[in-house]
Structure formats: structure tokens, C-alpha cells
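Here is a short note for a colleague opening this model for the first time. Please keep the structure in view while reading the points.

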Amino acid sequence: MSHNNQTIWSTLAQAISGKETNLEGFDDETIIDNVNLNGIGPLLDHHVHLGTIGGLSDTVCSHFRQESRAQATFTLLLDDSTRKILDLLDQHKIPVLLLKGTPVAHLYYENPYQRSRCDTDIYIGEEHTKISAELLASRGYMVSGLEIRKHSSKQFVATKIALKDILMHFDVHFKLSNRVMFRATLPFEDCYKNRQAVTALGPNAYALSPVDLLLHACIHRIAHGRNTERNRLIWLYDIHLLVESMDEAELTRFHEKALQRSIGVLCADALEVIKSLFDTNLPPELIEALKGNKKNEPSARLIHSIKLRWAWADMQSLKGIKEKAAFAKELLLG
């Protein structure tokens, strides 16, 4: 990250955390581009109206307001579609968990539209993949991704037009991650046993437990795109809110489980960043404690690695020459 990008990034982090911030030193295009990249327009609009952000032009304020209104509309449509899908799968006795932005938006943000989203991620048991795809197709969703990239992707996509040209996207995961080393880190059955309700989305809406949500947020930050968006502010702010909501017992379980699942260093890296950006309230000894198993954690050597090295690590984690070859072929063909 260049010095200029580092400066706007850290300044925007200060702004979304509610601290008094002045953005007068940045031109409109730089602010808008970085806000869009980091997915924080509605959140900044909220703080503009609270009066904690100054130095913005009318053009930038208008952009934030438009983003906020668009996200509010989209959130209503996406949440309505999410409720219907959860009800549909429940009718057929298919357990489902919500992942990533949707549960975090409803459980940890003041208003769910403040947490920008473009889709809903759901997690199902692998044995329910085929029937889930068939059910979604029967309700008018275009299902894609099941017959291609079988080795490098462990999810499928369901898409449907909700209103005019507004598309509803659902990423249906039957493994936690497409990164091979994280596929079994949080098995569906274990996550479902420890689930928490997301009452705003109806009686059939459940998410990972707070501890598992935090573990997954730390994993996703690194695993998405093989480490290409690790400093995206909306993801870091999610982690900050999750940590701030936890009591001592939950943080202890988070620490223990991170070490058990061999992702302690990966989690420590996320906590170091949010501490520096948002002054997150967490025990000072926690970060160092999470590094206690560094030598035995494959992901610890990859946290700052380039995309190619992650792809190589994914392939090396697979068993058998045929599976490795098929995985490599899918990556090369895009």
C-alpha cells in the first residue's frame, strides 16, 4: 500500500469508528474511490449526519447519501429474499446458517443497511447441495457453479431478479471456504450445534455463534481472493465490532479454538490491525497468546503471501496427483 493510500485508508478508518475526522486534505475522486473500494459509504453517511466528519464537499456528501439510500433499498429486497429462501429450505428439513455480512449487519450494526452488502452467503451441509440447488431453481433462481470448478470451488451461486434490474445473489457454501486448508476448519455440523438466532430475518434464521463468526471473519479476510483484499475496511470493522461485543469468556473460547484449529497467527494478525486502526478494546496479552502455535500453523507462513503462493499451498493441501492436476487445470482455465 502506497503512502498516500495508507493515509486515506487510516483516515477513513478513523471516520467510520466515530472519531472526529477532517477529510479536507483529500480530493473528491480519491475519497469516493477509496470509500467504494472499502464498502463504507453508508457507514460514513451515518457519521456525516452525526457531525463527526468534516471537510467534505457537497459532491462527496451527496455520493454518501445516494449510497446509503441505495443500500437501504437493496437491504430490504435482499433480506426479504433471504427470509423466503430460509423458509423454503426449512420446509424441506435442510439446516442452514448465515455467513459473513448478513448476520453481522443485523446483529452488530446499529442499522443493517450501514453494513454494505452485495449478496447473502449461506452455509449448508455438503449432503444437501444437490437438493438445495434444485429447490432454488424451482423458485426461479438461476443456479450456476455446480458443474464447473468442482475441485477449486466449494459453493454455487443462485441469482434472481427481485425488482426491475436489481439482482439478488446468494452464495451457497457447502464447505466453509474455497481455500483448501480452511475447508474443514469450522465444519457445518459443529457450527450448527453452536448457532445463534438472527431474529430480524425470521424464525428460521441462524448464524454462526459469536466465536465462530469472529473466527470466520478472520479467515475470510485472508482467504478471499487469496489475500487480495485483506485490508478492506468494512471487513476489518466487522472484526472490530465482533471483538468489542464479546465478554472475557467468549474471548477465551475464541483464543482456545483458534489454536485448536491452527489459525492463531492468522487471527492475531487481524486483531493487531483492528487494534491499530480502531483502538479496539481487547486484552493486551491476547494477541501474543494467539501466536503460541506459530510453527505448527500452515497459514501462518502465508498471511502476507502473494496470490500465486496461496494457489500453490491450496494445491499442495490436496491428496493425490489426479486431484492436484484437476485443481491446477481449473485455476489455469480461470
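**Notes on the model**

1. Start with H220. Leaving aside its neighbours within four places in sequence, H220 is in contact with K100 and W235 (contact means heavy atoms within 4.5 Å). The side chains of H220 and K100 also make a polar contact, at 3.5 Å. A polar contact is a pair of N or O atoms within 3.5 Å; within protein, one must be able to donate a hydrogen and the other to accept it, and residues adjacent in sequence count only if both atoms are side-chain atoms. H220 belongs to helix α8, residues 210-223. Helices (H or I, at least four residues) and strands (E, at least two) are DSSP runs, numbered from the N terminus. H220 is buried, with a relative accessible area of 14%. Here buried means under 20% relative accessible area, exposed over 50%, and partly exposed in between (1.4 Å probe, protein chains only).

2. A word on the basis. This is a predicted model, in which local features need pLDDT of at least 70, side-chain atom pairs count only at pLDDT 80 or more, and totals for chains, interfaces and linings use all residues. Residues are numbered from 1 along each chain as its sequence is written, and side-chain values use heavy atoms, with hydrogens and water left out.

3. The overall build comes next. The chain has 14 helices and nine strands. Its radius of gyration is 20 Å, close to the 20 Å of the globule rule for 334 residues, so the chain is as compact as a globular protein of that length. That radius is taken over C-alpha atoms, and the rule is 2.2 Å times the number of residues to the power 0.38. Along its principal axes the C-alpha trace spans about 55 × 50 × 45 Å. Buried residues make up 51% of the 334 residues. Of the contacts with a separation of 6 or more, 69% join residues 24 or more positions apart.

4. Look at strand β7. How does β4 pair with β7, parallel or antiparallel? Strand β4 (residues 120-123) runs in the parallel sense, over four bridges. Two strands pair if DSSP finds at least two bridges between them. D121 has D171 in β7 as its bridge partner. Strand β6 (residues 155-163) pairs with β7 in the antiparallel sense, over eight bridges. There, A158 is bridged to F170. The hairpin of β6 and β7 has two residues between the strands, and K164 takes a positive phi near 55 degrees in that hairpin.

5. Then the aromatic pairs. The whole structure holds six of them. Rings of Phe, Tyr and Trp (its six-membered ring) pair if their centres lie within 6.5 Å; planes under 30 degrees apart count as stacked, over 60 as edge-to-face and the rest as tilted. Y141 and F170 form an edge-to-face pair, 5.8 Å centre to centre with 85 degrees between the planes. Y141 sits in the loop between α6 (129-138) and β5 (142-144) and F170 in β7 (residues 166-173), so this pair ties together parts that are 29 residues apart in sequence. Y141 is buried at 9% relative accessible area, and F170 is buried at 1%.

6. The ring centres of F188 and Y192 are 5.6 Å apart and their planes are at 25 degrees, so the pair is stacked. Both residues lie in helix α7 (residues 188-193), four residues apart, about one turn of the helix. F188 is buried, at 7%, while Y192 is partly exposed, at 22%. R195 lies over the face of Y192, 4.0 Å from the ring centre. R195 also lies over the face of Y206, at 4.8 Å. A charge sits over a ring if NZ of Lys or CZ of Arg is within 6 Å of the ring centre and within 35 degrees of the ring normal.

7. Last, two backbone angles to check. Most residues other than glycine have a negative phi. K93 has a positive phi of about 60 degrees. K93 is in the loop between α4 (58-91) and β3 (97-99), and is exposed at 70%. S262 also has a positive phi of about 60 degrees. S262 falls in the loop between α10 (248-260) and α11 (264-278), and is partly exposed at 25%.
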